[in-house]
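I record what I looked up, entry by entry.

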Amino acid sequence: MDLIASLTVNGLATGMLIFLLAAGLTLIFGLMSVLNFAHGGLFIWGAYAGVWIYYITNSFLLAIIVAIITGLVLGLITERLIIRPVYGNHIQQILITLGFMLVLQELIKVVFGPDQKAVHPPAWLEGSFQMGDVILIKYRLFIIAIGLLLFLTIYLILKKTRIGLIVRAGVMDREMVQTLGINIRFVFMAVFMVGAALAALSGVLHAPYSGVIYAEMGLEFSILAFIVVVIGGMGSFTGSLFAAILVGLAQAFMAYYVPALSLAVNMLIMTVVLIFRPQGLFKVKG
Amino acid sequence: MSSLLKLSQVEAYIQQFHILHDINFEVPKGEVTVLLGRNGAGKTTTLRTIMGLNPVSKGSIVFKDEEISNQKPHLIANKGIGYVPEDQGIFGDLTVGENLRVAMKREDQETTERLEWILDLFPDLKKFWKKPGGQLSGGQKQMLAISRAYVNENDLLLIDEPSKGLAPIVVEKVMETILQMKEKTTILLVEQNFLMASKIGDRFYIIDDGQTVHNGLMGELKQDKALMKKYLGVS
């Protein structure tokens, strides 16, 4: 029982980190049909910028704030300089964003050095709780709480505010949104920046979780995020949460019970979903 | 006759296809102007070009004495043009209420009154307020699309084939509504249903093969059987 609880907490924590990365990706794809393979670069920059501040100040809260600001700024630059010239052309989007992803990755090595960096959770998040036989690691619970809090916040913004309605409407029919007098490009830029900030936040939260950060982890995580977006349904925010949790749990359990399949399990889930529900688990209706 | 909208020698392409060759017409303030023509003549492209959804390659579009050709769609909409597309453009996952709310530029007294007025005309929308737009019937979707375009104070409404695919009884309802809206706003209507067009319209323009080939008062068209047969296939 304690093992299952422990694996579940692990899976949920991983799922939340993937969700934070995938949430921005799914909105960006749904809203502007942009395939952004540079998203993992924003994740890794958030991780490194945050950890750098964490090393200097020993304040994890400050690290989170700096990571978010880094994501917002990089999001603005990426949208303006990289994405804007290739709207409407998926092939060009894949090529240029994948290229930019590699540039961001290599720039990490130039700015922060090529070595891996070890990261520990802050003192107030170190250690664990014991509930009966089950040991719950504080930092993992923290990630789950942050993930759920952000999901609820963004969910309420999307559901209850006019800006949220505009974003949801834009995912369904961006042309129609424009004819209602709404500057969809501005909305997209804002969504892109928020998506980038979520990716960067995911990066800095991931650092103490994995205990080490390295430049290549952005690409690894962005592949996971794409799998989640496909499983959840392109453009579906709630779908991304469910798919991320599914992928996180599957990975955690497989890593324990069938380690050889732990990497393949995500692909297997995606394949099964694509065969039976090609539109993903949650379909966005236009 | 003061014209609210004027198109002069407008040409437009969709990709490499030359769709509009020479479109010329004026929409007088306070009237319903109807664009008539066979399928594929260029009526829908004309509306989309006015809205900025399709680029103008030549010619001019003047709205309230200002050139608007090739401006961005949201800027054109904010100058006071509401648009009801041919496919209605309903946001399927948003409820009826949300579909209307997303369109409302302001939530002041005036907008609320306009909303109440339109909901009185279409009580179904009130009844299905929390139902997703994608689950409405074709007629209800059309009513929602018209309401959404009307809810803001626009000077001109572009309505593309509101009777398309609807049952006769629903067409009747839509027609009655447009007649009532006519008292409050100027309308440019694209319509294949000649009976509906002739009841609502004050003047007409016939578009054929991307060109405006004929125009006049709707009353005159009803008398000209030869013209109707030649361009509209109505005998």
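**Conventions.** I worked on a predicted model, in which local features need pLDDT of at least 70, side-chain atom pairs count only at pLDDT 80 or more, and totals for chains, interfaces and linings use all residues. Residues are numbered from 1 along each chain as its sequence is written, while chains are lettered from A and ligands numbered from 1 in the order in which they are written.

**Helix α1(A).** I took helices (H or I, at least four residues) and strands (E, at least two) as DSSP runs, numbered from the N terminus. For burial I counted other C-beta atoms, placed from the backbone, within 10 Å of a residue's own: 20 or more is buried, 12 or fewer exposed, and in between partly exposed. Since 23 of the 31 residues of α1(A) are buried, the helix is largely enclosed by the rest of the structure.

**Helix α2(A).** I repeated the check on α2 of chain A, residues 39-57: its 19 residues reach 27 Å from first C-alpha to last, close to the 27 Å expected. Of these, 15 are buried, and the helix is mostly covered. Asn58(A) follows α2(A) with a positive phi near 65°.

**Core.** I defined a nonpolar core as a set of buried Ala, Val, Leu, Ile, Met, Phe, Trp, Tyr and Cys residues joined through C-beta atoms within 7 Å. The largest has 159 residues, and those with the most contacts inside it include Ile18(A), Ala22(A) and Leu158(B). I called two residues in contact if their C-beta atoms, placed from the backbone, lie within 7 Å. Beyond its neighbours within four places in sequence, Ile18(A) touches residues including Leu224(A), Val228(A) and Val247(A).

**Interface.** I found 19 residues of chain B in contact with 18 residues of chain A. On the chain B side, the elements giving two or more residues are α2 (73-78) and α3 (96-103).

I took two strands as paired if DSSP finds at least two bridges between them. Six bridges join the antiparallel strands β9 (residues 203-208) and β10 (residues 211-217) of chain B, and Ile206(B) stands opposite His214(B). The two strands form a hairpin with two residues between them, and Asp209(B) in the turn has a positive phi of about 50°.

**Single residues.** I looked up Asn70(B), in the loop between β5 (66-67) and α2 of chain B; its phi is near 65°. Asn70(B) is partly exposed, with 14 other C-beta atoms within 10 Å. Glu161(B) lies in the loop between β7 (156-160) and α7 (168-181) of chain B and has a phi near 45°. With 22 C-beta neighbours inside 10 Å, Glu161(B) counts as buried.

Key:
The expected span of a helix is 1.5 Å times one less than its number of residues.
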